[in-house]
Each structure stands twice: as structure tokens, then as C-alpha cells.
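User: I would like to go through this structure in short questions and answers. Please keep each answer brief.

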Amino acid sequence: MANPTTLPSFKVSPNQHSISGLSSGAFMTVQLHLAHSSLFAGAGIIAGGPYRCVESFRDPSLEAEDAYTLNALYICMTPLTPGTGPKAGFLAGLARSTAAAGKIDPIRNLADDRLYIFTGTKDTVVNSPVVQATRDFYLNLGVPASQILFINNRPAGHSILTSNIEDSDEDANQPPYINYGGFMQSHAILDQIYPGLKPPSQQLSGELIRFEQAPFAGGDAASVSMAKFGYAYIPDAVRQGATARGVHIALHGCKQGYSYVNFANGLADIANQPPYGNRYITTTGYNHKADSNDLIVLFPQATGDDTNKAQNPDGCWDWWGYTAANPKEPDYYSKDAVQIRAIYNMLERLCGG
Amino acid sequence: MRRLTGRKGDPSMSNPSLTVAASVTAQPQPRTHLAPVDHAEKAIALQGEWGKRLSSNVAATAQLLMLGMDRETWGELLEIGASAQERLAALQQTWLQQWVGWVQYADQIKGANTMAKFADRESNIAAQWSQLLGTQAASLIGLEENLEVAYSYWLSEKLAAKKRALIE
């Protein structure tokens, strides 16, 4: 891997990008997909809920940010019944009004997108009715059912599935949330978004680039809960000047960023840092599929902090407003959201060649 | 999963390109002493929120009863209760497994063959006990909070639907 560097630019087909993620990365996937739908051909959502889900019910607390946190935990992750979970129709209406206000791209861009949406029957972190609401949300916004691959019958826990036998059991609900499922879920996602892709490469030909995220995040990535470095996989043909098919943005979930450190009793457990490192980047199969299909893969990285400066100890992407300047009017979902803008800036840089 | 409370209301966030320096310099310096008053204030504030949720749930329940409970409404209510019961049973099962694990660890004290090892094991047993109690209490409170929010959300949806039906 190259030493820390600035993110280079390549020749890339326009508006054929895609995005996928797990858990908080899946919530962020939906947000980014909606915010910049004119750029994307599709999205992969593993265990993620619908757009602006935390704004389902404002009443639980007088403090707006506390209400959003309660929504996140109990309506958007573990609702007691499907009826107390997110309402797809209401949230689709919210998306339409957000688009009408010009804060995200027009909803009509979604109509020709292809989606992969997955929920495991053993997932105890983000329950299946929430993910079902994500499918219903997209249907409500006009994505035809024929373009949505919805899978809800595998006994999987909260995880991205791989064919690596050393990963956790399929039904596990524990970090690093990378479970053995006998197949590479990343390949299934890319095959759904881009029909007719070639099989994955056996050997990688390209290069994994490490780059500083700060220039894309207003100068200090940590202040918006983003890690010092992000990563990108560049297939050899693209490095040699071929036009890339597009950029696929792969978003990790909570506790999966390369810099994640477990917090034990409120303290960073640096003496026993689990060796997750860049497993999400190198072992989940994205790069091998990208390599044979001239796709660039961008791996932005979130980071955690358990202080009052950044109370996001698990290094999750912001889908409940923790980066909001004004908690009463959180902006984690629009083109102007700090994390969305940072990732968009990375995409723009990659495509600048 | 929490929020960036320290930056709440920071006006520099209205121009995110200026965020970094401003928000970092705006951070209050950490104190070097404990402030029991802060802990008490926070506990009282959270209990106040809990009390408000409880009283508005009572008032909304009364309203719903006045508007009439049909079979579907009773069914949904029972479903919420059954789901909470199911999750409590799952939690209790997990707790039981955790305590069995703790007893098994404590039972291995005979293997401590030096004073240092003995002290280490005793300390671990106490720490594990404390950690188990803490996490189990937090998960029980989490379930209680979930039930409270779910019931409140369900009530608000039901009341809104009943009121709409009355107008139509």
C-alpha cells in the first residue's frame, strides 16, 4: 500500500457510481444515495433503515438530540413490533419535501436505480421490520419492485457475509460484524447494481491507496468523527489510463473503521485493541470484484470518540444528527451534511481525471 | 451511540469550513476534579424526562380509552406487551449464562499458585461481578425505555388516526 498520499484523479464514466454499507454505513448509504441520486446507478443496503428514520417521532424528549437518539435506538433499530417501527410512507413524504426544498437531488433520479437490500433473520442489532421499511420506502419513491433484490430469509446476524471461513458464525451479532456465509455479499451487491459483471479476480492487479481525509472534511476530519485516513482501491487498468466503470463507495458499520478502539468502562482499551484494522477494506471481497470490472472502490472511514467533544464511541456514520450544529434542525441527511459533503468531495476528486 | 453534545449550538458550524479550529478552541478544558453535582443534575434531568413521558402516556391512554378501543387496537397493544415479555425472557436467559460463566471463573481460584496470581484472580472476580451487574442493569433499563417509547409512539399514531376518522 502506498504511503499516506493525496487522493489522485482518474478517468471515470459519469453518473454510474454506486454505494453500499452495513448498519450505520447502510443508513448513510440511503442518505448519500438520496442526497446525490443523480450520480448513482444503485445501492446496497445491509441491515439499514430508511431515510431520516430518527425523525419518526419527536415526542420522547424535550431535548431534540435526545429524542433522535431514542428514535434511533428504539424505532429505527429494535422496535418492539413492526407497528412501532419506521413508517415508510411518512419517511418517503419527508424525502419528497427535502427534495422539493433543494436539499437533495430530485427523487425521480431513483426510478432507474437498482437496489440490493438485506436483513438477516437472526439480526438483533437492526431488526428485520426496519429493513423491510427501507424496501417499502424505495417502492414508495417509485423504484420498481423488479429492480429491488430484497433478501430476508437467511439466518444471518448483524454482519456483512463473506466466504472466509475464519470469520464469525453466520448468526453472530458481534464485532467485527463480518460473518461467514459461504459467499461474498459484496459481489452479490455489485452484481445486482451492475448486471453482467465478470467474476472476481483471483489475484489483485491494482493498488490500495491510503489518503488523508482532512482536506475533504473541512480541514479536521476528527471534528466530524472521520478518521485520519481513507482508502481507495484502484484496478490496474484504471491506473494505466482506462476509463473506470464507476466508483463504488463502501461504507463500514459501527466498530468497523480501521482506527476503531474498543471503549471499556468509558476508556479507550488501547492495550487490547482488537485486530480489526482494515479487515472491512481488504477481506470483504469488494476489491477482487472491482479489479476484474474496472471499478474504483472508495472506503471512507469514520472514527470514534467517547468524550463530550464527539460522543460517538463506536465510530458510526452520522444518521441520527450527532454532527448537527443546531440539534433542533439536524442536517445529517442533505448535500450540506458534513460527512456527506466530505465523501462527495472524495468522489469528485477521484473522477477529476 | 450518542451525540456531539459539546458542539451543540456552536455558531461556527453554520460555516463548516471554519468548524475545526473554532469548535476545538471552543471546547471547555476538562476538569481535574469530580463534580458530584453534575452527576446528580443529569440524573434528575433524565428522571424528569422519564416522568414527563410517563405522564403524557397516562394522559394519552385516557384519551384513547375515551375515543374507544376496538379489537384491532387491543390486538396491537397485546402484541407490544408480548414482544416486551419475549425480550425480557431473552435477556434473562443471557444473564443466566453470564452468571454461570462468572461462577465457573470464580471456581478456578484453586489454580492461583502465587500471591500475585491470587490477587489478580480475586480482582478479576470482583471486576467481572461489577461489570455484569452494570451491563445487565443497562440492558434492563434499555428494554424499559424501549417499551415506553414504543407505547408512546403507538399511542400518538392511534390517537391521530382516531381523530382523523372523527373529522371525516
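User: In β2(A), which residue is the bridge partner of A:Ile19?

Analyst: The model is predicted. Strand β1 (residues 17–22) of chain A pairs with strand β2 (residues 40–46) of chain A in the parallel sense, over six bridges. Within β2(A), the bridge partner of A:Ile19 is A:Ala43.

User: What is the strand order of the open sheet of eight strands in chain A?

Analyst: The pairing in this open sheet is mixed. From one strand to the next, the twist averages 15 degrees. The order is β4-β3-β2-β1-β9-β12-β8-β7.

User: Which strands of chain A stand at the edges of that sheet?

Analyst: An edge strand here has a single partner strand, so one side of it is left without a neighbour in the sheet.

User: At about what angle to β1(A) does helix α1 of chain A run?

Analyst: Helix α1 covers residues 24–35 of chain A. It lies across β1, β2 and β9 (246–251) of chain A. Its angle to β1(A) is about 155 degrees.

User: And which strands of chain A does α4(A) lie across?

Analyst: Relative to β3(A), α4(A) runs at about 165 degrees.

User: Are α3(A) and α4(A) roughly parallel or oblique to each other?

Analyst: Helix α3 (residues 88–100) and helix α4 (residues 128–140) of chain A have axes that come within 8 Å. The axes cross at roughly 50 degrees. Angles under 35 degrees would count as roughly parallel. The two helices, α3(A) and α4(A), are therefore oblique.

User: Are α3(B) and α4(B) roughly parallel or antiparallel?

Analyst: Helix α3 (residues 71–106) and helix α4 (residues 115–167) of chain B pack with their axes 11 Å apart. The angle is about 175 degrees. By class, their contact has 18 nonpolar, five polar and three charged residues. An angle over 145 degrees counts as antiparallel, so α3(B) and α4(B) are roughly antiparallel.

User: Where does A:Pro176, joined to A:Pro175 by a cis peptide bond, lie in chain A?

Analyst: Most peptide bonds are trans. The bond between A:Pro175 and A:Pro176 is cis, with omega about 5 degrees. A:Pro176 lies in the loop between β5 (160–162) and β6 (178–180).

User: What is phi of A:Tyr177?

Analyst: A:Tyr177 also lies in the loop between β5 and β6 of chain A. Most residues other than glycine have a negative phi. For A:Tyr177 the value is positive, near 60 degrees.

User: What is the radius of gyration of chain A?

Analyst: Chain A has nine helices and twelve strands. For its 353 residues the globule rule gives 20 Å. The value for chain A is close to that, so the chain is as compact as a globular protein of that length. Its radius of gyration is 19 Å.

Technical notes: Residues are numbered from 1 along each chain as its sequence is written. Chains are lettered from A and ligands numbered from 1 in the order in which they are written. This is a predicted model: local features need pLDDT of at least 70, side-chain atom pairs count only at pLDDT 80 or more; totals for chains, interfaces and linings use all residues. Axes are lines fitted to C-alpha atoms, for helices over the stretch in contact, and angles run from 0 to 180 degrees between N-to-C directions. Helices (H or I, at least four residues) and strands (E, at least two) are DSSP runs, numbered from the N terminus. Angles under 35 degrees count as roughly parallel, over 145 as roughly antiparallel, 65 to 115 as roughly perpendicular and the rest as oblique. Two strands pair if DSSP finds at least two bridges between them. Two residues are in contact if their C-beta atoms, placed from the backbone, lie within 7 Å. The radius of gyration is taken over C-alpha atoms; the globule rule is 2.2 Å times the number of residues to the power 0.38. Ala, Val, Leu, Ile, Met, Phe, Trp, Tyr, Cys and Pro count as nonpolar, Asp, Glu, Lys and Arg as charged, and the others, Gly among them, as polar.
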